[in-house]
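Please examine the following structure with attention to its charged side chains.

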Amino acid sequence: MEMNASYTSFVAVGDSFTEGMSDLLPDGSYRGWADLLAARLAAREPGFRYANLAVRGKLIGQIAEDQVPVAAGMGADVVTLVGGLNDALRPKVDMGRVRAHLESAVELLAPSCKRLVLMRSPGRNGPVMERFRPRMEELFATIDELAARHGAVVVDLYGAPALADPRMWDVDRLHLTAEGHRRVAEAVWQALDLPAELDWRTELAATAPPGWTVRRAQDLSFARQHLLPWIGRRLTGRSSGDGRPAKRPELLPYGDTAS
């Protein structure tokens, strides 16, 4: 393992997970694991360049069509591709089409970069998620197969109990907290053969679970603020990412932003 690997550029491709929800900054924007990783890589390499093409709500077909060709054309040292989970969480999905889109994306990205990173996304513990686990695990089996075929790295977040802890998840129950994003950044950092700064798999200290009244209040708040709007978008064919540009569409020096 080369613990002094050098990378001069990084492009992140994906959906809300890579955009950084729900790692909220004071100005109302999102940071997230990809931004955290870019900052650490930039500290090691003068002139380091970073682009983040991710847009919340995107399905793997949209990612493969809109983001992947752009990322491949950038010729970055590191490319991360995380997608397909939004498809798997929909009421109906053709997993064969999900596989085909992932395959085309990996085939285009793998030869375009020095290191392609794929992920087995984290899954929150809870009864709702249990319904979707077979699809998630089918998705992850595809990712493992594609990585082995194309020499990509797989970061197994799904296999880490620490990231399944509900305390690592925001109130929307779909996105990681700031601590969760920090751990994902460390996991990818280590997958790039860089020296570990923490054990991202360390589980949170045990605490007494909230009482019944608190849990019911949390459930009602979640349903009103997050679940019902999500269902409404599904029924009307809308997405939270409709009309939203990529957060960092150009491969620029880390401290710069697109004009």
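Is Asp144 buried, partly exposed or exposed? In this predicted model, Asp144 has a relative accessible area of 32% and is therefore partly exposed. The partner of Asp144 in a salt bridge is Arg120, and their closest N and O atoms lie 2.9 Å apart. Arg120 belongs to strand β4 (residues 115-120) and Asp144 to helix α7 (residues 133-150), so this pair ties together parts that are 24 residues apart in sequence. Arg120 itself is buried, at a relative accessible area of 17%.

Side chains of opposite charge can pair when their charged atoms come close. The structure contains 14 salt bridges, and one of them connects Glu197 with Arg40 at an N to O distance of 3.5 Å. Here distant parts of the chain are linked: Glu197 sits in the loop between α9 (178-191) and α10 (212-236), whereas Arg40 is in helix α2 (residues 33-44), 157 residues apart.

Asp23 is buried, its relative accessible area being 2%. Arg31, in contrast, reaches 30% relative accessibility and so counts as partly exposed.

Terms used:
Residues are numbered from 1 along each chain as its sequence is written. This is a predicted model: local features need pLDDT of at least 70, side-chain atom pairs count only at pLDDT 80 or more; totals for chains, interfaces and linings use all residues. Side-chain values use heavy atoms; hydrogens and water are left out. A salt bridge is a side-chain nitrogen of Lys or Arg within 4 Å of a carboxyl oxygen of Asp or Glu. Buried means under 20% relative accessible area, exposed over 50%, partly exposed in between (1.4 Å probe, protein chains only). Helices (H or I, at least four residues) and strands (E, at least two) are DSSP runs, numbered from the N terminus.
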